[in-house]
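Here is a colleague's note to read beside the structure. Keep the model open and go through the points in order.

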Amino acid sequence: MVKKIASCVLISGTGSNLKSLIKSSREYTFPLKIKLILSNNNKAYGLRYAKKFNIPYKFFNSKNKNLFERNCLKELKKKKIKILCLDGFMKILSKNFIKVFGNKILNIHPSLLPKYKGLNTHKKALLNNETYSGCTVHFVNAKLDSGSIILQKKVKIIKNETENSLQKKILIQEHQLYPKAIRLLFR
Ligand code: GAR
């Protein structure tokens, strides 16, 4: 039996990457077991996957960031979580929170980092007339979207590309890249 690492996925919205991670985690050889899903948005669509796949989940309001992080840490400790995977988690974690997990927090970002950190990545790539954009899985550190890069996938920007079409194309690649990066890290 493969010993899987207890992990948690943090979401704020749709959670399509969460869905792809859940699917991968059900494979015998995948290194992570998703034991918890945390959200700072009680209406996050992604919470449906928690229900559908019977994974424990919790919502904590993040208006008070300190309290939010304390609540999360309590839950993460209770479930003995070792790895955090951020998926569209739209809150910047504090230095202290990150310190607790060291380099055990991963994130997926919809650009070829270090280009286009933060929000509106597709718009920025198009405005800059890039011929490629893509997605990046990286470690989380105290600076926004700046931790070391684990894996990237390039996506070609075609003529008449729109933000919407680029977002869709990149998201499809994200669903492949996140599990691939995790397999690479923990093989
Ligand atoms: C994904 O494109 C992810 O890369 C991005 O949010 C989307 C979440 O989609 N994350 C960020 O922009 C973080 N800075 P999903 O909820 O359907 O997986």
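1. **Terms first.** A residue is called buried under 20% relative accessible area, exposed over 50%, and partly exposed in between. Lys123 is found in helix α5. Its relative accessibility is 42%, so Lys123 counts as partly exposed. Please also note that this is a predicted model.

2. **Overall build.** How many helices and strands are there in the protein chain? The protein chain has 6 helices and 7 strands. Read from the N terminus, their order is β-α-β-α-β-α-β-α-β-α-β-β-α. The radius of gyration is 16 Å, close to the 16 Å that the globule rule gives for 187 residues, so the chain is as compact as a globular protein of that length. Along the principal axes, the C-alpha atoms fill a box of roughly 50 × 40 × 30 Å.

3. **Inside and surface.** Of the 187 residues in the protein chain, 47% are buried. The accessible surface comes to about 10600 Å². Carbon and sulfur atoms hold 53% of that surface.

4. **Contacts along the chain.** Count the contacts with a separation of 6 or more. Residues 24 or more positions apart account for 64% of them. Two residue pairs make the point about sequence and space. Ile172 and Ser16 are 156 residues apart in sequence, but their C-alpha atoms are 9.4 Å apart. Lys123 and Phe97 are 26 residues apart in sequence, and their C-alpha atoms are 31 Å apart. Look up both pairs in the model.

5. **Ile172.** This residue is found in helix α6. Is Ile172 buried or exposed? Its relative accessibility is 52%, and the cut-off for exposed is over 50%, so Ile172 counts as exposed.

6. **Charges.** The protein chain carries 39 positive and 9 negative charges.

7. **Helix α1.** This helix covers residues 16-25 and is mostly covered, with 8 of its 10 residues buried. Which ones are buried? They are Ser16, Asn17, Leu18, Ser20, Leu21, Ile22, Ser24 and Ser25. What do the buried residues of α1 pack against? Their partners are the strands β1 (5-11), β2 (32-39), β4 and β5 (105-109), together with the helices α2 (47-52) and α6 (163-185).

8. **Aromatic pairs.** The count comes to 3 aromatic pairs. One of them is Tyr45 with Tyr49, an edge-to-face pair. Their ring centres are 5.9 Å apart, with 75° between the planes. How covered are the two residues? Tyr45 has 40% relative accessibility, so Tyr45 counts as partly exposed. Tyr49 has 11%, so Tyr49 counts as buried.

9. **A stacked pair.** The rings of Phe68 and Phe89 have centres 6.0 Å apart. Why is this pair stacked? The planes meet at 20°, and the cut-off for stacked is under 30 degrees, so the pair counts as stacked. The pair links distant parts of the chain, 21 residues apart. Phe68 sits in helix α3 (residues 65-78). Phe89 sits in the loop between β4 (83-87) and α4 (95-101). Both Phe68 and Phe89 are buried.

10. **Backbone around Pro114.** Most residues other than glycine have a negative phi, and most peptide bonds are trans. Now check the loop between β5 and α5 (121-127), where Pro114 lies. A cis peptide bond joins Leu113 and Pro114, with omega about 10°. Tyr116 is found in the loop between β5 and α5 as well. Its phi is positive, near 60°, and Tyr116 is not a glycine. Tyr116 has 14% relative accessibility, so Tyr116 counts as buried.

11. **Asn129.** Where does Asn129 lie? Asn129 lies in the loop between α5 and β6 (132-139). Its phi is positive too, at about 55°, although Asn129 is not a glycine. Is Asn129 buried or exposed? At 67% relative accessibility, Asn129 counts as exposed.

Definitions and conventions
Residues numbered from 1 in each chain as written. Predicted model: local features only at pLDDT ≥ 70, side-chain atom pairs only at ≥ 80, totals over all residues. Heavy atoms only, no water. Helix = DSSP H or I, 4+ residues; strand = E, 2+ residues; numbered from the N terminus. Rg over C-alpha atoms; globule rule 2.2 N^0.38 Å. Buried < 20%, exposed > 50% of the residue type's maximum accessible area, 1.4 Å probe, protein only. Contact = heavy atoms within 4.5 Å. Areas by Shrake-Rupley, 256 points an atom, 1.4 Å probe, with all protein chains shown as cover. Lys, Arg positive; Asp, Glu negative; His and termini not counted. Charge placed at Lys NZ, Arg CZ, Asp CG, Glu CD. Phe/Tyr/Trp six-rings, centres within 6.5 Å; stacked < 30°, edge-to-face > 60°.
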